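Have the 3D view open while you read, and find each spot as it comes up.

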Amino acid sequence: MEGATTENSVAAMAACYERFDPETFLQKFCSAEEIHLDREDGITRWKLARLHGAFTEGDMRGERLLDVGSGPTLYQVMSACEVFNQVILTDFLEANRRELRLWLQNEGGSKMNWTPFLQHVCKLEGRRPSEWTDKATKLRQVVTDVLPIDVHRPHPLGPDAPGSLPFALADCVTSCFCLEGASPDLGAFNRALIHIVSLLRPGGHLLLMGTLGETYYLAGPGAMIPVVALSEAKICSALKESGCSLIRLEVFQRPSYESKEHNDSEATFFLKARKN
């Protein structure tokens, strides 16, 4: 009975995402008007700096990085493309995968201008912002695939994984603002984390970014997505259960100037861990 209840809850979450609109999401959470990239105390600079720092500390090596639940976004792998030779993006929704492919194919039609993000990451790397076109070219070269994923399945990338995949296990798994928004409750979040860690090789690194205390976000007309309200303690417990050791956990409190029109998060967390 418990298994059936869990499956029903997960199915209900999937139904919520039928109304997810990539264009609305990008406008609300990634557009120049919303990201406050000009503010040194802004969340966008903090996120990009955390990712840049994690990838340039010298302890992350390997061939392949798997980004879980990419959504329609690319900022989370802009620093990774300088470290890993192969980056694989994934998402549950075909609409998000289509948006990613539109940008990667560079033939027009993408709903998002990633130039400000690319320029800022160039600055973090000690390069001129004008070199963003080189960064965009490198990112398009390194991203080799955009795959469907379901984090609530023991084999998130398919029943035959990892044998049927273009890789065995990833050297690094990243996931930003995915699991808490894709899970109906804390138990499902914990299991989803275990599932995605199964795609990571022993000794490989896990990078997670997400929200604390959030209960919903708006992702399109009539699309209010429920979110598992996480705390630092809940995250650390789930991480231990997944078989990873925490390297560090950082928290960015939500600035008072940020509107809560689109979501009610209290803070953003970033963690770096290693699979045991």
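A residue is called exposed when its relative accessible area is over 50%, buried when that value is under 20%, and partly exposed in between. With N106 at 52% relative accessibility, that cut-off makes N106 exposed. Keep in mind that this is a predicted model.

**Aromatic rings**

- A pair of aromatic rings is described by the distance of the centres and the angle of the planes.
- How many aromatic pairs are there? The count comes to nine aromatic pairs.
- Take F25 and F29: their ring centres are 5.0 Å apart and their planes sit at 40 degrees, so this pair is tilted.
- Both belong to helix α2, which covers residues 22-29, and because they are four residues apart there, about one helical turn separates F25 from F29.
- Is F25 buried or exposed? F25 is buried, since its relative accessible area is 15% and the limit for buried is under 20%.
- F29 comes out as partly exposed, with a relative accessible area of 23%.
- F29 also pairs with Y217, this time edge-to-face, with 6.1 Å from centre to centre and 80 degrees between the planes.
- Since F29 is in helix α2 and Y217 is in strand β6 (residues 216-218), this pair ties together parts that are 188 residues apart in sequence.
- Y217 is buried, with a relative accessible area of 11%.
- Which residues do ring pairs link into a cluster? Y17, F20, F25, F29 and Y217 are the ones joined up this way.
- Over at another ring, R140 lies over the face of W103, 3.7 Å from the ring centre.

**Helices that pack together**

- Two packed helices are described by the angle between their axes and the distance between the axes.
- Start with helix α9 (residues 186-197) and helix α10 (residues 232-242): their axes come within 9 Å and cross at roughly 40 degrees.
- Angles under 35 degrees count as roughly parallel and 65 to 115 as roughly perpendicular, so α9 and α10 are oblique to each other.
- The crossing of α9 past α10 is right-handed.
- On the α9 side, L186, F189, N190, L193, I194 and V197 make the contacts, and on the α10 side they meet K234, A238, L239, E241 and S242.
- Now look at helix α4 (residues 43-55) and helix α6 (residues 115-124), with axes that come within 10 Å and cross at roughly 50 degrees.
- That angle makes α4 oblique to α6.
- Here, too, α4 passes α6 in a right-handed crossing.
- Which residues of α4 meet α6? They are T44, R45, L48, A49 and H52, and their partners in α6 are F117, H120, V121 and L124.

**A192, inside helix α9**

- A192 sits in helix α9.
- A192 is buried, with a relative accessible area of 0%.
- Leaving out residues up to four places away in sequence, A192 touches V151, H152, L179 and S183.
- From A192 to E180, which is 12 residues away along the chain, the C-alpha atoms are separated by 9.4 Å.

**Two residues with positive phi**

- N106 isn't a glycine, yet its phi is positive, near 55 degrees.
- You'll find N106 in the loop between α5 (94-105) and α6.
- F177 has a positive phi as well, about 55 degrees, although it is not a glycine.
- Where is F177 found? F177 is in the loop between β4 (170-176) and α8 (179-182).
- F177 counts as partly exposed, at 29% relative accessibility.

**K260, out on a loop**

- K260 lies in the loop between β8 (244-253) and β9 (267-275).
- With a relative accessible area of 48%, K260 is partly exposed.
- Which residues is K260 in contact with, leaving aside neighbours within four places in sequence? The contacts of K260 are Y216, R254 and S265.
- K260 and V142 are 118 residues apart along the chain, and 36 Å separates their C-alpha atoms.

Note on methods. Residues are numbered from 1 along each chain as its sequence is written. This is a predicted model: local features need pLDDT of at least 70, side-chain atom pairs count only at pLDDT 80 or more; totals for chains, interfaces and linings use all residues. Side-chain values use heavy atoms; hydrogens and water are left out. Rings of Phe, Tyr and Trp (its six-membered ring) pair if their centres lie within 6.5 Å; planes under 30 degrees apart count as stacked, over 60 as edge-to-face and the rest as tilted. Buried means under 20% relative accessible area, exposed over 50%, partly exposed in between (1.4 Å probe, protein chains only). A charge sits over a ring if NZ of Lys or CZ of Arg is within 6 Å of the ring centre and within 35 degrees of the ring normal. Axes are lines fitted to C-alpha atoms, for helices over the stretch in contact, and angles run from 0 to 180 degrees between N-to-C directions. Angles under 35 degrees count as roughly parallel, over 145 as roughly antiparallel, 65 to 115 as roughly perpendicular and the rest as oblique. A crossing is left-handed if the near helix is turned anticlockwise from the far one by less than a right angle, and right-handed if clockwise. Contact means heavy atoms within 4.5 Å.
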